[in-house]
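Visitor: I would like to go through this model and ask what lies behind the words used for it. Please set each value against its cut-off.

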Amino acid sequence: MRRCNVLVLLLANAPTLLFAANVCEQEAQSTGSTTQQYYMILAGQTDVFYDRSGPTFVMLQRTAADETDVGAFGIYAGARRQPVFGPVPASVYEQFASEPRKPSDVVLRLAISKPQYERTLQVLQTWERRVREKALLYPEIAMDNILLVKQATEELNRCSTTLVPYELDWGLEDGISEHNVASRIPYEYFRELARLNAARHVPDTQ
Amino acid sequence: MATRIKRRELFSSFAGIGASPAGAQVCTGADLIPNVPLRTHDGAAVRFYDDLVKGRQVIINMMYAHCEAFCPAITSRLVEIHQALAPRMGRDLFMYSITLKPEQDDPAALEAFAKMHGALLPGWTFLTGAAYDIDTLRFALFRHDHIKFDLDPDSHTGKLRIINDAINRWTHVAPLASKMTVLQHISWADPPKSFEQRVEENRRLQLAIDKEHELYGYRKIV
């Protein structure tokens with residue numbers, strides 16, 4: 001099976017811009033493909049970095065009969081075990097997905113539609129551009145990663161409820177932002193989404 | 001017999017206090033201000049830092065043409081500020097109003113907004129651009145470092161960023177504070193004044209304070 005890095009592949013192919021007005025029309029018109037499947041995987045670990053946070057990233061996958069496009073973006077452990085924000089190397093996300101996981105690890109694998117895949121990919125590509133151009137929005141990468149995971153997951157529900165949401169909004173009901181330092185928020189957010197969406201999780205074996 | 005007093009220093013190392021860490025560098029405008037491509041209300045293509053900010057004293061705010069909450073009031077206040085500083089505007093002081101909604105506000109929409117508010121004035125430029133670049137600029141200049149507020153673009157209309165790039169001095173003020181407060185904050189980023197100028201300004205200020213005490217019995221305005 002041929003495997004392509006989705007961030008690089010689709011950047012090169014200049015993806016079509018999706019405008020807000022017709023985004024939901026596209027999603028409503030899209031029919032499930034029998035030849036291609038689309039997935040979003042939310043992956044998180046804890047107790048890896050000095051502040052007890054860990055790698056937390058969003059992964060996108062498109063699978064067809066003989067090829068897979070895959071890419072992940074977020075925070076991962078660099079060569080010196082330091083947190084790095086950017087496109088996650090294949091060796092890192094493959095290891096994360098295949099090795100026996102600690103009980104504290106979080107993986108939520110969701111089957112999504114093509115329009116959802118394309119919209120989320122656009123979110124990831126915008127962040128990839130920000131890393132490349134050194135135009136991150138915060139001086140602290142933990143804050144950028146919160147924005148990334150929030151934008152990517154909320155993009156799924158723009159037109160219809162695919163994911164049982166958790167409102168990460170720093171409001172009165174938001175215990176995650178209240179009780180965690182910035183670097184742990186994405187992990188706790190993914191853990192809560194995994195709990196809320198356990199029935200929608202697609203195991204690796206499928 | 002005189003007692004000899006033993007004196008001990010409370011602080012042992014004056015040399016280290018206030019010193020920058022070894023090797024630390026001071027960030028300047030070129031490091032901090034994104035040089036993003038933008039378009040002015042009259043359609044000119046510009047680079048934000050290189051063409052508009054470099055070496056200048058500037059006043060920057062964010063707005064959008066269809067904003068019905070604070071933007072019209074803030075723009076009216078900026079017109080007053082412009083009038084108060086008219087001799088300097090376009091010479092050593094510049095105003096930039098950047099749209100928060102570039103997808104709605106093209107140069108023509110910004111020009112119409114400026115015209116409607118009497119803001120087509122020398123040294124005052126309205127700016128639009130790609131959403132990506134506007135976000136980069138918005139976070140670099142107006143970030144609250146709190147995601148809830150930073151995700152709400154409206155929260156960035158209530159601030160004036162004042163930068164004097166030539167002397168690397170930054171400050172900010174709420175545009176709906178009193179006109180005098182806004183002018184005072186702008187003056188904090190003015191080019192350094194000579195000793196004689198400062199003595200003269202202080203003399204005039206003291207006269208004004210004394211006059212208010214005479215009139216009202218307390219310091220009222222200045």
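Guide: Chain A has seven helices and six strands. Their order from the N terminus is β-α-α-β-β-β-β-α-β-α-α-α-α. Bear in mind that this is a predicted model.

Visitor: How much of chain A is buried?

Guide: Of the 206 residues in chain A, 37% are buried. A residue counts as buried if 20 or more other C-beta atoms lie within 10 Å of its own. As for contacts in chain A with a separation of 6 or more, 69% of them join residues 24 or more positions apart.

Visitor: Why are helix 4 and helix 5 of chain A called roughly antiparallel?

Guide: Their axes come within 9 Å and cross at roughly 165°. Angles over 145 degrees count as roughly antiparallel, and helix 4 and helix 5 of chain A are therefore given that name. The crossing is right-handed.

Visitor: Which residues make the contact between helix 4 and helix 5 of chain A?

Guide: From helix 4 of chain A come A:Q116, A:R119, A:T120, A:V123, A:L124 and A:W127, and they meet A:L148, A:Q151, A:A152, A:E155 and A:L156 of helix 5 of chain A. By class, the residues of this contact are six nonpolar, three polar and two charged.

Visitor: What makes helix 5 and helix 7 of chain A roughly parallel?

Guide: The axes of helix 5 and helix 7 of chain A cross at roughly 25° and come within 9 Å. The cut-off for roughly parallel is an angle under 35 degrees, so the pair is classed that way. On the side of helix 5 of chain A the contact has A:N145, A:I146, A:V149 and A:T153; on the side of helix 7 of chain A it has A:I185, A:P186, A:Y189 and A:L193. Six of these residues are nonpolar, two are polar and none is charged.

Visitor: What is in the largest nonpolar core?

Guide: The largest nonpolar core has 42 residues, and those with the most contacts inside it are A:L42, A:F57, A:V58, A:M59, A:F73 and A:L124. Elements of chain A that each supply at least two residues of this core include strand 2 (37-44), strand 3 (56-63), strand 4 (67-77) and helix 4 (114-132). Helix 5 of chain A gives the largest share, eight residues. Apart from neighbours within four places in sequence, A:M59 is in contact with A:I41, A:A43, A:V70, A:A72 and A:Y93. A second, separate core has 39 residues, among them B:F48, B:L100, B:L110 and B:A119.

Visitor: Why is A:W170 called partly exposed, and B:D145 exposed?

Guide: A:W170 has 15 other C-beta atoms within 10 Å. Exposed needs 12 or fewer and buried 20 or more, so A:W170 falls in between and is partly exposed. B:D145 has 12 C-beta neighbours inside 10 Å and therefore counts as exposed.

Visitor: How many residues does each chain bring to the contact between them?

Guide: Chain B brings seven residues and chain A eight residues. On the side of chain B, helix 5 (131-142) and helix 6 (147-150) each supply at least two residues. Helix 5 of chain B gives the most, with four residues.

Key:
Residues are numbered from 1 along each chain as its sequence is written. Chains are lettered from A and ligands numbered from 1 in the order in which they are written. This is a predicted model: local features need pLDDT of at least 70, side-chain atom pairs count only at pLDDT 80 or more; totals for chains, interfaces and linings use all residues. Two residues are in contact if their C-beta atoms, placed from the backbone, lie within 7 Å. A nonpolar core is a set of buried Ala, Val, Leu, Ile, Met, Phe, Trp, Tyr and Cys residues joined through C-beta atoms within 7 Å. Axes are lines fitted to C-alpha atoms, for helices over the stretch in contact, and angles run from 0 to 180 degrees between N-to-C directions. Angles under 35 degrees count as roughly parallel, over 145 as roughly antiparallel, 65 to 115 as roughly perpendicular and the rest as oblique. Ala, Val, Leu, Ile, Met, Phe, Trp, Tyr, Cys and Pro count as nonpolar, Asp, Glu, Lys and Arg as charged, and the others, Gly among them, as polar. A crossing is left-handed if the near helix is turned anticlockwise from the far one by less than a right angle, and right-handed if clockwise.
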